[in-house]
Amino acid sequence: MDAMVKSLFRFKPISTIEAGLPMTSSATIMMVDDHPLFRKGLKQLFAMEPSLELVAEASSGEEALELAKQHEPDLILLDLNMRGMDGLDTLRAMRAADVSSRIVILTVSDNNADVVSCIRAGADGYLLKDMEPEDILDQVIQATHGKLAISQRLTEILASALRKPDNSGADTLSTLTSREYQILKLIADGLSNKLIARELDISDATVKVHVKHLLKKLGMRSRVEAAVWMVNQKRPESQDRSH
């Protein structure tokens, strides 16, 4: 596997300061799972971490969609295998409704197709329930800081699946504005929206708008997919990007 692509999936613990967050800020979390006992366990786990604040929990996709709009949490932990509206359908519905929260799948399924489908539908990570509780907590904290959260044994599956040849890369990049291209490069470097905003001296809201536009132009729903795609493009830096 290409070293640049593989580096996107390495665990990189970062501090609150590095993430561009105030020292006193707490990340708000919503969990979506139809198993009450599992939700209770997560609640106890998050209570151990002062930087996390659980603001809502849902037992179905329909309920989750309404609560996501109401609370606008920083992070949504979403089970995949739920009765009725499953996790993938819920994810797609949230992205279609312009829910901007980071969404991480937390499930028992390590099926390759499930992993790739979720990332391509707009998930910001994919964690397995059989991870050690401390590892889940570490990955959740990482996700709230804008980093990719993914179970270690799934990283190669995801990188390989998303790393496919694309002969139209140069043509696609030419549709991006100069600012969109700058932001895409920083996404590929693993920066969160907050860090991108600080790097470019613009607001978080402006970064979100640019990310939404560039993903639409690329025909993608996920920052992760865009990042992997970007590091595989061969683009001459001397190309004029005056528009």
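A: The structure holds zero aromatic pairs, a pair being rings of Phe, Tyr and Trp (its six-membered ring) with centres within 6.5 Å, called stacked if the planes are under 30 degrees apart, edge-to-face if over 60 and tilted for the rest. This is a predicted model, in which local features need pLDDT of at least 70 and side-chain atom pairs pLDDT 80 or more, while totals for chains, interfaces and linings use all residues. Residues are numbered from 1 along each chain as its sequence is written, and side-chain values use heavy atoms, leaving out hydrogens and water.

The part to examine is helix 5, which spans residues 112–120. Helices (H or I, at least four residues) and strands (E, at least two) are DSSP runs, numbered from the N terminus. At the N-terminal end, asparagine 111 caps helix 5, with a side-chain oxygen 2.9 Å from the backbone nitrogen of alanine 113. Within helix 5, Val115, Val116, Cys118 and Ile119 are buried, that is, under 20% relative accessible area with a 1.4 Å probe and protein chains only (exposed is over 50%, partly exposed in between). The buried residues fall within an arc of 165° seen down the axis, so they line one face of helix 5; the arc is that of the directions from the helix axis to the C-beta atoms.

Helix 5 is followed by glycine 122, whose phi is positive, near 115°. Glycine 122 lies in the loop between helix 5 and strand 5 (125–128), and counts as buried at 2% relative accessibility. Leaving aside residues up to four places away in sequence, glycine 122 touches Leu91, Arg95, Arg221 and Ser222, where contact means heavy atoms within 4.5 Å.

Notes
Polar contact = N/O pair within 3.5 Å; in protein donor to acceptor, adjacent residues only side chain to side chain.
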